[in-house]
Amino acid sequence: MSEKRSKRQTGNLGEDAVCAYLERQGTKILCRNFAIRGGEIDIIAQQGDYLLIVEVKTRKIGALRSGAAAVDLKKQQHIIRTAERYLLEHPIDLQPRFDVAEVEYAGAFVRHIEYLENAFDATGY
């Protein structure tokens with residue numbers, strides 16, 4: 001069996017780890033991989049009065065570019081537009097918060113999660 005994994009398998013590894021991390025904090029996962037044409041949200045969750053919109057970036061340890069750096073303005077705009085659609089389809093009285101989770105892995109194991117709350121916002125969008 002090859003140790004090479006697809007981008008989807010790598011993404012799932014990171015998303016599974018972040019869901020477990022959030023659930024340990026009492027966060028309720030509402031949806032994974034909500035997609036519309038032109039955008040996708042990895043994890044949508046409820047934590048207290050917040051609706052967490054979480055972008056997960058999974059990288060090998062020692063990657064040249066951080067996960068947060070990959071969430072540039074264009075990516076943020078896609079996430080915001082997708083979140084707007086989610087909220088239209090699933091009205092909820094929670095404050096949206098845009099977070100980024102950086103996941104580092106080696107082999108089949110997650111080594112570290114850096115969770116960035118309020119990584120960006122929708123002002124000026």
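Here is a walk through this structure, from its overall fold to a few individual residues.

Please keep in mind that the model is predicted. Its secondary structure consists of two helices and five strands, and along the sequence these elements follow the pattern α-β-β-β-α-β-β. The radius of gyration is 14 Å, close to the 14 Å that the globule rule gives for 125 residues, so the protein is as compact as a globular protein of that length. If you draw a box along the principal axes, the C-alpha atoms fill roughly 45 × 30 × 25 Å.

Of the 125 residues, 39% count as buried. The accessible surface comes to about 7600 Å², and carbon and sulfur atoms account for 49% of that area. Among the contacts with a separation of 6 or more, 54% are between residues 24 or more positions apart. As for charge, the protein has 18 positive and 18 negative charges, and their mean positions lie 8 Å apart.

Now let us step inside. In soluble globular proteins, nonpolar side chains tend to be buried together. Here the largest nonpolar core has 16 residues, and those with the most contacts inside it are Ile-44, Ile-53, Ile-79, Phe-98 and Phe-120. At least two residues of this core come from each of strand S1 (28-36), strand S2 (39-47), strand S3 (50-60), H2 and strand S4 (95-106). Which element gives the most to this core? That is H2, with four residues. There is also a second, separate core of 13 residues, which includes Cys-19, Ile-43, Ala-45 and Val-54.

Leaving out residues up to four places away in sequence, Ile-53 touches Ile-41, Ile-43, Ile-44, Ile-79, Ala-83, Arg-97, Phe-98 and Asp-99. Three of the names met above return in this list, namely Ile-44, Ile-79 and Phe-98, which are among the residues with the most contacts inside the largest core. Ile-43, also touched by Ile-53, is a member of the second core.

Next, look at helix H2 (residues 73-89), where Thr-82 has its place. Is Thr-82 buried or exposed? Its relative accessibility is 0%, so Thr-82 counts as buried. Beyond residues up to four places away in sequence, Thr-82 touches Phe-34, Ile-36, Gly-39, Glu-40 and Ile-41.

Leu-94 takes us to the loop between H2 and S4. With a relative accessible area of 16%, Leu-94 is buried, because the cut-off for that class is under 20%. Which residues does Leu-94 touch, not counting those up to four places away in sequence? They are Gln-46, Gly-48, Asp-49, Tyr-50 and Leu-51. Leu-94 and Leu-52 are 42 residues apart along the chain, yet their C-alpha atoms are separated by 9.2 Å.

Our last stop is Arg-59, which lies in strand S3. Its relative accessibility is 25%, so Arg-59 counts as partly exposed. Apart from neighbours within four places in sequence, Arg-59 is in contact with Arg-65, Ser-66, Gly-67, Ala-70, Val-103, Glu-104 and Tyr-105.

Terms used
Residues are numbered from 1 along each chain as its sequence is written. This is a predicted model: local features need pLDDT of at least 70, side-chain atom pairs count only at pLDDT 80 or more; totals for chains, interfaces and linings use all residues. Side-chain values use heavy atoms; hydrogens and water are left out. The radius of gyration is taken over C-alpha atoms; the globule rule is 2.2 Å times the number of residues to the power 0.38. Buried means under 20% relative accessible area, exposed over 50%, partly exposed in between (1.4 Å probe, protein chains only). Contact means heavy atoms within 4.5 Å. Accessible areas come from the Shrake-Rupley method with a 1.4 Å probe; for residues, only the protein chains shown count as cover. Lys and Arg count as positive and Asp and Glu as negative; His and the chain ends are not counted. The place of a charge is taken as NZ of Lys, CZ of Arg, CG of Asp or CD of Glu. A nonpolar core is a set of buried Ala, Val, Leu, Ile, Met, Phe, Trp, Tyr and Cys residues joined through side-chain atoms within 4.5 Å.
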